[in-house]
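Thanks for making time this morning. I would like to walk you through one structure, beginning with a single side chain and its surroundings and then widening the view.

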Amino acid sequence: KEFRPVEEGKRIARMCDSCHGKDGNSTRPGIPNLAGLTARYLTDATIAYRDGAWKHDVMREMVSFLKDDDIEKVGLYYASREPVATKEPGKFDLAAGEKIKPACTLCHSDEGIKKDPRIPNLNGQDHQYLIDATLAYANGKRDNVDMTQIAKAIKPQDVSNLVNVAGYYTAQKANKPDTVMPKPAMKTIEKCHSCHGAKGESSTASLPRLA
């Protein structure tokens, strides 16, 4: 049978449409856009929800039955989708947000689009989701050494800064990842390489080509 992970991912991803929107472009405040994120990040994040490393009851229930390779296929599908302009992000000070963004650029880059596929793109992402996700690192619902340290440093009087910088990134044009198939290969796919070759182009007579 032909290996078609993106098409398989599309089939599995139908269950995500009611929350995350068609092609992963959310229309609901607080629900993230999945289009525009890398397959690697989507895979790692979904596994974190499934395994309880990230606390979110609805997400954990929704993905609890998915195996790693199913999750990877869904990630590949959404990474291949074209992100569209996000919905109205709410009230924020764009100029103030731009002044604050250097605090985010070390990891997320000046444009909010990081080449490291493990780090999420921020451009065009839902405004409320960016705020909620940041605060989740502060309250222990998510774990990441760098983000936890940054989020815990946010004082109640500084929340307006978070609102403004989130709004700045929301207002930027979303972009599709440079490549859909991540490099290095993802968790399940890379297991095949030891026998079938780095690109599925086996040179061993007894082992079939996967490419």
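Predicted model: local features only at pLDDT ≥ 70, side-chain atom pairs only at ≥ 80, totals over all residues.

Let me start with arginine 142, whose charged end sits over the ring of tryptophan 54, 3.9 Å from the ring's centre; a charge sits over a ring here if NZ of Lys or CZ of Arg is within 6 Å of the ring centre and within 35 degrees of the ring normal. Residues are numbered from 1 along each chain as its sequence is written, and side-chain values use heavy atoms, with hydrogens and water left out.

Now to the aromatic rings, of which the structure holds 4 pairs; rings of Phe, Tyr and Trp (its six-membered ring) pair if their centres lie within 6.5 Å, and planes under 30 degrees apart count as stacked, over 60 as edge-to-face and the rest as tilted. One of them joins tyrosine 49 to tryptophan 54, edge-to-face, at 5.3 Å centre to centre and with 85° between the planes. Tryptophan 54 also pairs edge-to-face with tyrosine 137, at 6.4 Å centre to centre and again 85° between the planes. Because tryptophan 54 lies in the loop between α3 (39-50) and α4 (57-63) and tyrosine 137 in helix α8 (residues 127-138), this pair ties together parts that are 83 residues apart in sequence. Helices (H or I, at least four residues) and strands (E, at least two) are DSSP runs, numbered from the N terminus.

Staying with α8, which residues make its contact with α10? On the α8 side they are His127, Leu130, Ile131, Thr134 and Leu135, and on the α10 side Leu162, Val163, Ala166, Gly167, Tyr169 and Thr170, contact meaning heavy atoms within 4.5 Å.

To finish with the whole protein, the secondary structure comes to 11 helices and 0 strands, and of the 211 residues, 43% count as buried. Among contacts between residues at least 6 apart in sequence, 70% join residues at least 24 apart.

Terms used
Buried < 20%, exposed > 50% of the residue type's maximum accessible area, 1.4 Å probe, protein only.
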